[in-house]
Amino acid sequence: MAERDAPALDSAGPAAPPRRNGELVFDAPWESRLFGLTLALHAQGRFAWDEFRQRLIAEVAARDRDAAGGAGFAYYEAWRAALEDLLAAKGLCAGAEIGERAGALAARPAGHDHGHPHDHEHAPLHDHGRGHG
Amino acid sequence: MSGADDDALRIEALESLLVEKGLVAREAIDAVIRHYEQDVGPLNGAKVVARAWTDPAYRARLLADGTAAIAELGYGGPQGEHVVAVENGPRLHHVVVCTLCSCYPWPILGLPPGWYKEPAYRSRIVREPRRVLAEMGLALPPEVEIRVWDSSAEIRYFVLPERPAGTEGWSEERLASLVTRDAMIGVAKPKPAAEASRG
(Lines give C-alpha, C1' and ligand atoms only; values in the text may rest on other atoms or scores of the structure.)
Protein backbone atom coordinates (compact mmCIF):
# COMPACT_ATOMS: atom_id res chain seq x y z
CA MET A 1 0.00 0.00 0.00
CA ALA A 2 1.35 3.45 0.83
CA GLU A 3 4.94 2.36 1.40
CA ARG A 4 5.12 0.81 -2.02
CA ASP A 5 4.66 4.12 -3.78
CA ALA A 6 6.77 6.08 -1.33
CA PRO A 7 9.30 8.32 -3.07
CA ALA A 8 12.91 7.19 -3.32
CA LEU A 9 14.84 9.00 -0.61
CA ASP A 10 18.04 8.31 1.28
CA SER A 11 17.22 5.59 3.77
CA ALA A 12 20.39 5.92 5.83
CA GLY A 13 22.76 8.64 6.92
CA PRO A 14 22.17 12.10 8.32
CA ALA A 15 19.96 13.25 5.42
CA ALA A 16 17.60 10.31 5.74
CA PRO A 17 14.04 11.13 6.70
CA PRO A 18 12.72 9.32 9.74
CA ARG A 19 10.90 6.22 8.61
CA ARG A 20 8.55 3.83 10.22
CA ASN A 21 8.77 0.53 8.39
CA GLY A 22 9.56 2.40 5.21
CA GLU A 23 6.94 5.11 5.56
CA LEU A 24 7.27 8.77 6.47
CA VAL A 25 5.50 9.68 9.67
CA PHE A 26 4.00 12.86 8.22
CA ASP A 27 3.17 13.83 4.64
CA ALA A 28 3.83 17.56 5.15
CA PRO A 29 5.52 19.79 7.75
CA TRP A 30 2.24 21.41 8.76
CA GLU A 31 0.90 18.00 9.74
CA SER A 32 3.76 17.45 12.16
CA ARG A 33 3.36 21.00 13.59
CA LEU A 34 -0.35 20.35 14.09
CA PHE A 35 0.31 17.02 15.76
CA GLY A 36 3.01 18.47 18.02
CA LEU A 37 0.85 21.49 18.86
CA THR A 38 -2.07 19.28 19.86
CA LEU A 39 0.00 17.00 22.07
CA ALA A 40 1.85 19.90 23.66
CA LEU A 41 -1.43 21.67 24.48
CA HIS A 42 -2.77 18.46 25.98
CA ALA A 43 0.41 17.94 28.02
CA GLN A 44 -0.09 21.47 29.37
CA GLY A 45 -3.53 20.41 30.60
CA ARG A 46 -5.46 22.68 28.21
CA PHE A 47 -7.97 19.92 27.47
CA ALA A 48 -8.73 16.28 28.17
CA TRP A 49 -7.78 13.92 25.36
CA ASP A 50 -11.30 12.62 24.98
CA GLU A 51 -12.61 16.15 24.37
CA PHE A 52 -10.34 16.26 21.35
CA ARG A 53 -11.01 12.69 20.28
CA GLN A 54 -14.79 13.10 20.21
CA ARG A 55 -14.40 16.05 17.86
CA LEU A 56 -11.89 14.17 15.73
CA ILE A 57 -14.35 11.29 15.37
CA ALA A 58 -17.05 13.72 14.20
CA GLU A 59 -14.75 15.41 11.69
CA VAL A 60 -13.47 12.07 10.38
CA ALA A 61 -17.05 10.84 9.95
CA ALA A 62 -17.94 13.96 7.96
CA ARG A 63 -14.94 13.41 5.70
CA ASP A 64 -15.76 9.71 5.33
CA ARG A 65 -19.09 10.79 3.84
CA ASP A 66 -17.32 13.21 1.50
CA ALA A 67 -14.86 10.50 0.49
CA ALA A 68 -17.73 8.13 -0.26
CA GLY A 69 -18.96 10.81 -2.66
CA GLY A 70 -15.63 10.75 -4.47
CA ALA A 71 -13.76 13.54 -2.67
CA GLY A 72 -10.27 12.85 -1.31
CA PHE A 73 -9.82 11.95 2.34
CA ALA A 74 -7.52 14.27 4.28
CA TYR A 75 -6.98 12.97 7.79
CA TYR A 76 -5.01 15.89 9.16
CA GLU A 77 -7.59 18.38 7.87
CA ALA A 78 -10.07 16.56 10.08
CA TRP A 79 -7.56 16.83 12.93
CA ARG A 80 -7.14 20.58 12.31
CA ALA A 81 -10.89 21.19 12.27
CA ALA A 82 -11.27 19.18 15.49
CA LEU A 83 -8.56 21.15 17.28
CA GLU A 84 -9.88 24.53 16.10
CA ASP A 85 -13.38 23.61 17.23
CA LEU A 86 -12.10 22.53 20.64
CA LEU A 87 -10.02 25.69 21.14
CA ALA A 88 -13.00 27.86 20.19
CA ALA A 89 -15.30 25.92 22.56
CA LYS A 90 -12.78 26.40 25.37
CA GLY A 91 -12.49 30.12 24.62
CA LEU A 92 -8.77 29.70 23.99
CA CYS A 93 -8.66 30.82 20.37
CA ALA A 94 -11.48 31.89 18.07
CA GLY A 95 -11.72 30.76 14.45
CA ALA A 96 -11.96 34.36 13.23
CA GLU A 97 -8.68 35.17 14.94
CA ILE A 98 -6.97 32.30 13.15
CA GLY A 99 -8.36 33.36 9.78
CA GLU A 100 -7.23 36.92 10.34
CA ARG A 101 -3.71 35.85 11.31
CA ALA A 102 -3.51 33.43 8.38
CA GLY A 103 -4.51 36.28 6.07
CA ALA A 104 -1.76 38.46 7.50
CA LEU A 105 0.78 35.67 7.05
CA ALA A 106 -0.36 35.11 3.47
CA ALA A 107 0.23 38.80 2.71
CA ARG A 108 3.92 38.58 3.58
CA PRO A 109 6.22 39.44 0.69
CA ALA A 110 7.72 36.53 -1.19
CA GLY A 111 11.04 35.34 0.23
CA HIS A 112 10.17 36.65 3.68
CA ASP A 113 12.07 35.47 6.69
CA HIS A 114 9.44 35.35 9.35
CA GLY A 115 11.62 34.03 12.13
CA HIS A 116 9.94 30.65 12.45
CA PRO A 117 12.65 28.34 11.27
CA HIS A 118 10.72 25.12 11.86
CA ASP A 119 9.25 24.91 8.35
CA HIS A 120 12.65 25.16 6.86
CA GLU A 121 14.26 22.66 9.20
CA HIS A 122 11.65 20.17 8.21
CA ALA A 123 11.73 21.01 4.53
CA PRO A 124 13.85 17.97 3.53
CA LEU A 125 11.19 15.71 4.98
CA HIS A 126 8.50 17.21 2.83
CA ASP A 127 7.75 15.59 -0.47
CA HIS A 128 5.56 18.03 -2.34
CA GLY A 129 4.59 15.46 -4.89
CA ARG A 130 2.96 13.04 -2.54
CA GLY A 131 -0.64 13.42 -1.53
CA HIS A 132 -2.70 11.36 0.84
CA GLY A 133 -3.15 7.71 -0.02
CA MET B 1 -9.86 26.74 3.49
CA SER B 2 -8.64 24.08 1.17
CA GLY B 3 -5.34 22.81 -0.11
CA ALA B 4 -2.06 22.12 1.63
CA ASP B 5 -0.82 25.74 1.41
CA ASP B 6 -3.93 27.03 3.16
CA ASP B 7 -3.60 24.34 5.81
CA ALA B 8 0.05 25.24 6.35
CA LEU B 9 -0.79 28.94 6.76
CA ARG B 10 -3.65 28.21 9.11
CA ILE B 11 -1.52 25.97 11.33
CA GLU B 12 1.26 28.56 11.36
CA ALA B 13 -1.33 31.20 12.34
CA LEU B 14 -2.74 28.98 15.08
CA GLU B 15 0.68 28.16 16.48
CA SER B 16 1.79 31.81 16.58
CA LEU B 17 -1.45 32.87 18.30
CA LEU B 18 -1.26 30.15 20.94
CA VAL B 19 2.40 30.91 21.64
CA GLU B 20 1.61 34.62 22.01
CA LYS B 21 -1.22 33.80 24.40
CA GLY B 22 1.21 31.78 26.50
CA LEU B 23 -0.82 28.59 26.07
CA VAL B 24 2.04 26.56 24.65
CA ALA B 25 5.78 26.90 24.07
CA ARG B 26 7.37 26.36 20.68
CA GLU B 27 10.08 24.24 22.32
CA ALA B 28 7.41 21.89 23.69
CA ILE B 29 5.97 21.43 20.20
CA ASP B 30 9.45 20.77 18.78
CA ALA B 31 10.11 18.20 21.49
CA VAL B 32 6.90 16.30 20.77
CA ILE B 33 7.64 16.12 17.05
CA ARG B 34 11.24 15.04 17.62
CA HIS B 35 10.10 12.33 20.02
CA TYR B 36 7.58 10.83 17.61
CA GLU B 37 9.77 11.14 14.53
CA GLN B 38 12.95 9.79 16.08
CA ASP B 39 12.33 7.86 19.29
CA VAL B 40 8.99 6.12 18.99
CA GLY B 41 8.37 3.49 16.40
CA PRO B 42 7.43 -0.11 15.76
CA LEU B 43 10.85 -1.30 16.92
CA ASN B 44 9.53 -0.89 20.47
CA GLY B 45 6.67 -3.26 19.69
CA ALA B 46 9.04 -5.66 17.95
CA LYS B 47 11.09 -5.90 21.16
CA VAL B 48 7.92 -6.63 23.14
CA VAL B 49 7.01 -9.42 20.73
CA ALA B 50 10.52 -10.91 20.74
CA ARG B 51 10.52 -10.94 24.55
CA ALA B 52 7.14 -12.69 24.57
CA TRP B 53 8.46 -15.30 22.11
CA THR B 54 11.47 -16.12 24.29
CA ASP B 55 10.10 -15.70 27.82
CA PRO B 56 6.88 -17.62 28.60
CA ALA B 57 6.37 -15.77 31.89
CA TYR B 58 6.61 -12.43 30.09
CA ARG B 59 4.20 -13.66 27.41
CA ALA B 60 1.68 -14.55 30.13
CA ARG B 61 2.06 -11.12 31.71
CA LEU B 62 1.69 -9.43 28.33
CA LEU B 63 -1.55 -11.25 27.57
CA ALA B 64 -2.87 -10.55 31.08
CA ASP B 65 -2.00 -6.83 31.20
CA GLY B 66 -0.49 -5.31 28.08
CA THR B 67 0.04 -1.85 29.54
CA ALA B 68 2.00 -3.17 32.52
CA ALA B 69 4.05 -5.54 30.35
CA ILE B 70 5.13 -2.84 27.89
CA ALA B 71 5.96 -0.59 30.85
CA GLU B 72 8.39 -3.30 32.05
CA LEU B 73 10.40 -2.59 28.89
CA GLY B 74 10.15 1.14 29.46
CA TYR B 75 7.33 1.95 27.04
CA GLY B 76 4.38 4.16 27.95
CA GLY B 77 2.88 7.59 27.47
CA PRO B 78 -0.02 9.00 25.46
CA GLN B 79 -2.16 6.31 23.82
CA GLY B 80 -0.27 3.68 25.78
CA GLU B 81 -3.00 3.25 28.36
CA HIS B 82 -5.16 0.12 28.16
CA VAL B 83 -3.02 -1.74 25.64
CA VAL B 84 -4.29 -5.26 24.98
CA ALA B 85 -2.25 -7.90 23.14
CA VAL B 86 -4.16 -10.51 21.13
CA GLU B 87 -2.26 -13.67 20.24
CA ASN B 88 -2.37 -15.35 16.85
CA GLY B 89 -2.42 -19.12 16.55
CA PRO B 90 -2.41 -21.74 13.79
CA ARG B 91 -6.16 -21.40 13.28
CA LEU B 92 -6.78 -17.90 14.56
CA HIS B 93 -5.65 -14.59 13.10
CA HIS B 94 -6.24 -11.18 14.64
CA VAL B 95 -6.34 -7.84 12.86
CA VAL B 96 -6.73 -4.38 14.38
CA VAL B 97 -8.58 -1.31 13.17
CA CYS B 98 -10.00 1.89 14.62
CA THR B 99 -13.29 2.34 12.79
CA LEU B 100 -14.05 5.78 14.24
CA CYS B 101 -10.75 7.61 14.00
CA SER B 102 -7.22 6.31 14.42
CA CYS B 103 -6.71 4.96 17.95
CA TYR B 104 -3.41 3.12 17.95
CA PRO B 105 -0.84 2.11 20.60
CA TRP B 106 1.68 4.88 19.88
CA PRO B 107 4.33 3.89 22.49
CA ILE B 108 4.97 0.51 20.85
CA LEU B 109 3.99 1.05 17.20
CA GLY B 110 4.72 4.74 16.64
CA LEU B 111 2.16 6.73 14.69
CA PRO B 112 -0.23 4.88 12.40
CA PRO B 113 0.48 4.52 8.69
CA GLY B 114 -1.62 6.49 6.20
CA TRP B 115 -3.78 3.55 5.14
CA TYR B 116 -4.79 2.83 8.75
CA LYS B 117 -6.53 6.22 8.81
CA GLU B 118 -8.21 5.90 5.41
CA PRO B 119 -11.95 5.24 5.22
CA ALA B 120 -11.41 2.26 2.89
CA TYR B 121 -9.47 0.26 5.49
CA ARG B 122 -11.53 1.43 8.45
CA SER B 123 -14.81 0.33 6.96
CA ARG B 124 -13.87 -2.64 4.76
CA ILE B 125 -11.66 -4.58 7.19
CA VAL B 126 -14.74 -5.04 9.38
CA ARG B 127 -17.08 -6.10 6.59
CA GLU B 128 -14.76 -8.29 4.54
CA PRO B 129 -11.53 -8.89 6.46
CA ARG B 130 -10.44 -11.97 4.50
CA ARG B 131 -10.68 -10.14 1.21
CA VAL B 132 -8.97 -6.96 2.46
CA LEU B 133 -6.11 -9.00 3.98
CA ALA B 134 -5.70 -10.87 0.70
CA GLU B 135 -5.58 -7.54 -1.17
CA MET B 136 -2.87 -6.44 1.25
CA GLY B 137 -0.84 -9.56 0.47
CA LEU B 138 -1.95 -11.85 3.30
CA ALA B 139 -4.01 -14.72 1.89
CA LEU B 140 -5.23 -16.83 4.81
CA PRO B 141 -6.55 -20.36 4.32
CA PRO B 142 -10.31 -20.74 4.87
CA GLU B 143 -9.83 -22.81 8.04
CA VAL B 144 -8.13 -19.87 9.78
CA GLU B 145 -10.65 -17.80 11.70
CA ILE B 146 -10.18 -14.01 11.47
CA ARG B 147 -11.08 -11.75 14.38
CA VAL B 148 -11.22 -7.98 13.89
CA TRP B 149 -10.56 -5.79 16.92
CA ASP B 150 -11.84 -2.21 16.98
CA SER B 151 -9.45 -0.02 18.96
CA SER B 152 -10.82 2.91 20.89
CA ALA B 153 -9.74 5.35 23.56
CA GLU B 154 -10.66 2.65 26.09
CA ILE B 155 -8.65 -0.21 24.57
CA ARG B 156 -5.85 -0.18 22.01
CA TYR B 157 -5.10 -3.59 20.56
CA PHE B 158 -1.98 -4.98 19.03
CA VAL B 159 -1.26 -8.41 17.64
CA LEU B 160 1.22 -10.89 19.08
CA PRO B 161 2.08 -12.83 15.92
CA GLU B 162 3.18 -16.45 15.75
CA ARG B 163 6.92 -17.01 16.00
CA PRO B 164 8.27 -17.98 12.57
CA ALA B 165 9.54 -21.50 12.05
CA GLY B 166 13.29 -22.12 12.06
CA THR B 167 14.08 -19.51 14.73
CA GLU B 168 14.80 -21.87 17.63
CA GLY B 169 17.53 -20.59 19.92
CA TRP B 170 17.61 -17.11 18.35
CA SER B 171 18.44 -14.00 20.39
CA GLU B 172 15.68 -11.49 21.13
CA GLU B 173 17.44 -8.92 19.00
CA ARG B 174 17.51 -11.19 15.97
CA LEU B 175 13.90 -12.22 16.50
CA ALA B 176 12.83 -8.57 16.75
CA SER B 177 14.21 -7.96 13.26
CA LEU B 178 11.46 -10.26 11.91
CA VAL B 179 8.62 -8.32 13.53
CA THR B 180 7.14 -5.61 11.34
CA ARG B 181 4.62 -2.93 12.14
CA ASP B 182 2.15 -4.58 9.76
CA ALA B 183 2.53 -7.92 11.58
CA MET B 184 1.56 -6.21 14.84
CA ILE B 185 -1.50 -4.60 13.22
CA GLY B 186 -2.33 -8.03 11.81
CA VAL B 187 -2.25 -7.24 8.10
CA ALA B 188 0.90 -9.31 7.55
CA LYS B 189 2.91 -12.18 9.05
CA PRO B 190 6.35 -11.62 10.56
CA LYS B 191 9.18 -11.96 8.09
CA PRO B 192 10.44 -15.54 7.57
CA ALA B 193 13.65 -16.63 9.30
CA ALA B 194 15.64 -16.26 6.08
CA GLU B 195 15.02 -12.46 6.09
CA ALA B 196 16.43 -11.79 9.55
CA SER B 197 19.16 -9.24 9.98
CA ARG B 198 22.37 -10.61 11.44
CA GLY B 199 22.92 -9.88 15.09
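Colleague: Which pattern does chain A follow, read along the sequence?

Modeller: Helices (H or I, at least four residues) and strands (E, at least two) are DSSP runs, numbered from the N terminus. Read that way, chain A follows β-β-α-α-α-α-α, that is, two strands and five helices. Please keep in mind that this is a predicted model, where local features need pLDDT of at least 70 and side-chain atom pairs count only at pLDDT 80 or more, while totals for chains, interfaces and linings use all residues. Residues are numbered from 1 along each chain as its sequence is written, chains are lettered from A and ligands numbered from 1 in the order in which they are written, and side-chain values use heavy atoms, with hydrogens and water left out.

Colleague: How many residues does chain A have, and what percentage of them is buried?

Modeller: Buried means under 20% relative accessible area, exposed over 50%, and partly exposed in between (1.4 Å probe, protein chains only). Chain A has 133 residues, and 40% of them are buried. For contacts, the criterion is heavy atoms within 4.5 Å. Among the chain A contacts between residues at least 6 apart in sequence, 56% join residues at least 24 apart.

Colleague: And chain B, into which domains is it divided?

Modeller: Domain bounds come from an automatic or database domain assignment. Here chain B has domain 1 (4-38) and domain 2 (40-195). Taken over C-alpha atoms, the centres of these two domains of chain B are 31 Å apart.

Colleague: Which residues touch the most other members of the largest nonpolar core?

Modeller: In soluble globular proteins, nonpolar side chains tend to be buried together. A nonpolar core is a set of buried Ala, Val, Leu, Ile, Met, Phe, Trp, Tyr and Cys residues joined through side-chain atoms within 4.5 Å. The largest one here has 92 residues, and those touching the most other members are F35(A), W79(A), L62(B), Y121(B) and F158(B). Helix α3 (residues 75-89) of chain A gives this core its largest share, eight residues. Domain 1 (4-38) and domain 2 (40-195) of chain B each supply at least three residues to this core.

Colleague: What does F35(A) touch?

Modeller: Not counting residues up to four places away in sequence, F35(A) touches F26(A), Y76(A) and W79(A) in chain A, and V32(B), Y36(B), W106(B) and L111(B) in chain B.

Colleague: What area is buried between chain A and chain B?

Modeller: The size of an interface is often given as the accessible area lost when the parts come together. Buried area is the accessible area (1.4 Å probe) that two parts lose on being put together, summed over both. Between chain A and chain B it is about 5000 Å², with carbon and sulfur atoms giving 62%. The contact involves 58 residues of chain A and 53 residues of chain B.

Colleague: Where does K90(A) lie, and where is its partner E51(A)?

Modeller: The side chains of K90(A) and E51(A) form a salt bridge at 2.8 Å, N to O. K90(A) is in the loop between α3 and α4 of chain A and E51(A) is in helix α2 of chain A, 39 residues apart. K90(A) counts as partly exposed because its relative accessible area is 37%; E51(A) is also partly exposed, at 27% relative accessibility.

Colleague: Why does R53(A) count as buried?

Modeller: R53(A) counts as buried because its relative accessibility is 6%. R53(A) is in helix α2 of chain A. Leaving aside neighbours within four places in sequence, R53(A) is in contact with C101(B), C103(B), S152(B) and A153(B).

Terms used: Salt bridge = Lys/Arg side-chain N within 4 Å of Asp/Glu carboxyl O.
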